[in-house]
Amino acid sequence: MQRQFERLRRLVVLAVRRVMSPRDQEYEDTVQAALAGIITALSTGHQSDERSPRWVLSVARNIAIDRLRARTRERRVFQPDDGVAEQPGSNALEPEHLTHVRDQLRRLNVGLHGLGPRRATVVYLHDVLGHELTEIASAIGISVAAAQSRLVRGRRALLEHLRRIEKS
């Protein structure tokens, strides 16, 4: 059992190292998350090819890529692209600015909840997490046209909700 785990860990480390540097502060956490995900999937035993090294490498690589995407999205929200946070005297990290950003995120969250689960899921997956419509349609089992429709209608409803909040 220990040899199998070490072999699995070596494969995971190899896959994660292709995506991020071992010096990255999230590297070890990503390795552990990939190991946990793979072990969980192996314990369910749904697919016959899950024990193949190619499958393990693919799953670990995808987990590492997902973590990098999440970090990128987080930076987009909390660190402006125009370099404002790096300038002395900037208000980007001041409490008033952070309070304003958090307030906007709360409004967005309330607006998403008001859309209903079908539209909110598509809007969140596309606009927040950055998934393509084809990925979203495949993941939730609908056509690409249905995903596009939910995205357009969800955005419209969210915009109307945010405008009502600003007027009040």
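Visitor: Why are helix 4 and helix 7 called oblique to each other?

Guide: In this predicted model, local features need pLDDT of at least 70 and side-chain atom pairs count only at pLDDT 80 or more, whereas totals for chains, interfaces and linings use all residues. Residues are numbered from 1 along each chain as its sequence is written, and side-chain values use heavy atoms, with hydrogens and water left out. The axes of helix 4 and helix 7 come within 9 Å and cross at roughly 130°. Axes are lines fitted to C-alpha atoms, for helices over the stretch in contact, with angles from 0 to 180 degrees between N-to-C directions. An angle under 35 degrees counts as roughly parallel, one over 145 as roughly antiparallel, one of 65 to 115 as roughly perpendicular, and the rest as oblique. Roughly 130° falls into the rest, and helix 4 and helix 7 are therefore oblique.

Visitor: Which residues make the contact between helix 4 and helix 7?

Guide: Helix 4 supplies R107, L108, V110, G111, L112 and L115, while helix 7 supplies G154, A157, L158, H161, L162 and I165. Contact here means heavy atoms within 4.5 Å. These residues divide into 8 nonpolar, 3 polar and 1 charged. Nonpolar covers Ala, Val, Leu, Ile, Met, Phe, Trp, Tyr, Cys and Pro; charged covers Asp, Glu, Lys and Arg; the others, Gly among them, are polar.

Visitor: What makes helix 5 and helix 7 roughly perpendicular?

Guide: The axes of helix 5 (residues 117-128) and helix 7 (residues 144-167) come within 8 Å and cross at roughly 95°. That angle lies in the range for roughly perpendicular, and the two helices are therefore described in that way. R118, R119, V122, V123, H126 and D127 of helix 5 meet residues of helix 7, including A147, R150, L151 and R153. The contact of helix 5 with helix 7 divides into 6 nonpolar, 2 polar and 6 charged residues.

Visitor: Which residues of helix 5 are buried, and against what do they pack?

Guide: A120, V122, V123 and L125 are the buried residues of helix 5. They pack against helix 4 (95-115), helix 6 (133-140) and helix 7. Just after helix 5, G130 takes a positive phi of about 80°.

Visitor: Why is L8 called buried?

Guide: Buried means under 20% relative accessible area, exposed means over 50%, and partly exposed lies in between (1.4 Å probe, protein chains only). L8 has a relative accessible area of 11%, which is under 20%, so L8 is buried. L8 lies in helix 1 (residues 2-19). Apart from residues up to four places away in sequence, L8 touches L35, I38, I39 and V56. L8 and V56 are 48 residues apart along the chain, yet their C-alpha atoms are separated by 7.6 Å.

Visitor: How do you know whether R71 is buried or exposed?

Guide: R71 has 16% relative accessibility, a value under 20%, and therefore counts as buried. R71 lies in helix 3 (residues 53-78). Leaving aside neighbours within four places in sequence, R71 is in contact with D24 and E26.

Visitor: How many helices and strands does the chain have?

Guide: The chain has 7 helices and 0 strands. Helices (H or I, at least four residues) and strands (E, at least two) are DSSP runs, numbered from the N terminus. Buried residues make up 24% of the 168 residues.
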